[in-house]
Amino acid sequence: MPKAQRLFDLCGGHPALDFVNALDNRFRSDGPVELLADYGDLLQFMEQTQLLSSQQARLLAQAAKPAAAARALQSAHELREAAAVTFYGSVDGRPPPLTDIRTLERHFLSASRHRELQWATSTESSGGRPGITWTWGRHETDADLPVWMLSQAVSELMLSQEMARVRTCGVDTCRWLFLDTSKNHTRRWCNMKVCGNRMKARRFQERAPRQPIIA
């Protein structure tokens with residue numbers, strides 16, 4: 001039987017933040033829930049975040065050998081956890097350990113080494129005119145391609161001014177990351193329909209007068 005499609009909640013506003021959120025319940029006492037449990041989950045995530053096209057995801061699923069897919073998944077988990085420590089450290093005003101910085105550095109450099117410059121008949125950056133562009137070239141069917149693409153997404157966000165807009169959900173047991181693009185930068189919840197409504201209901205219950213107990 002083909003594996004059921006997993007739907008990811010992409011409320012982070014950036015693939016790098018949605019990637020970190022793919023370890024759900026990270027701060028709950030009963031432990032986290034791994035949403036990227038296998039290589040197929042990773043490909044579905046890449047497709048839903050539009051980092052990969054459906055065709056690219058299918059090609060990788062067909063081309064990746066089990067051992068290579070397992071190594072790529074392990075590498076993706078390593079990248080994600082180093083990114084998580086760094087993003088949460090930035091929000092909390094706490095520098096990440098040097099080991100995590102070096103892990104990110106290794107992944108960022110690896111992604112950079114596997115990109116190729118090619119001449120394109122038209123590029124977005126040149127307004128549709130011919131020009132050179134970065135591609136993954138001969139590495140487009142490499143099992144590690146999702147890891148390199150995620151490394152690039154993480155590095156682009158971390159090295160941009162948008163890092164100042166990274167926030168965490170106001171629910172302590174959630175703390176999903178999101179990019180606050182609201183007008184006044186006052187967004188508090190990862191998903192208003194989930195955590196926002198949950199907190200509103202909790203506050204209503206706390207304010208509501210308690211009914212006297214009649215013996």
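Helix α2 passes helix α3 in a right-handed crossing, meaning that the near helix is turned clockwise from the far one by less than a right angle. The model is predicted: local features need pLDDT of at least 70, side-chain atom pairs count only at pLDDT 80 or more, and totals for chains, interfaces and linings use all residues. Residues are numbered from 1 along each chain as its sequence is written, and side-chain values use heavy atoms, with hydrogens and water left out.

α2 covers residues 39-48 and α3 residues 54-63; they pack at an angle of about 165 degrees with their axes 9 Å apart. The two helices are therefore roughly antiparallel to each other, a term for angles over 145 degrees. On the α2 side, Y39, L43 and E47 meet S54, A57, L60 and A61 of α3. Five of the residues in this contact are nonpolar, one is polar and one is charged.

Between α2 and α3 runs a loop that holds Q50. Phi of Q50 is near 65 degrees, a positive value in a residue other than glycine. Q50 counts as exposed because its relative accessibility is 71%, where exposed means over 50% and buried under 20%, with a 1.4 Å probe and protein chains only. R175 also has a positive phi, of about 55 degrees, although it is not a glycine. R175 sits in the loop between β5 (166-168) and β6, and it counts as buried because its relative accessibility is 16%.

The chain as a whole has seven helices and six strands, which are DSSP runs of H or I with at least four residues and of E with at least two. Of its 215 residues, 42% count as buried. Among contacts (heavy atoms within 4.5 Å) with a separation of 6 or more, 55% join residues 24 or more positions apart.

In soluble globular proteins, nonpolar side chains tend to be buried together. A nonpolar core here is a set of buried Ala, Val, Leu, Ile, Met, Phe, Trp, Tyr and Cys residues joined through side-chain atoms within 4.5 Å. The largest has 43 residues, and F19, Y39, F87 and V166 have the most contacts inside it. At least two residues each come from α1 (15-21), α2, α4 (66-92), α5 (98-113), α6 (145-158) and β6 (177-179). The most come from α4, with 11 residues. F19 touches L36, F45, A76, L79, R80, L150 and V154, not counting residues up to four places away in sequence. Apart from this core lies another, of nine residues, including C174, W176, C190 and C195.

Technical notes:
Axes fitted to C-alpha atoms, helices over the stretch in contact; angles between N-to-C directions. Parallel < 35°, antiparallel > 145°, perpendicular 65-115°, else oblique. Nonpolar A, V, L, I, M, F, W, Y, C, P; charged D, E, K, R; others polar.
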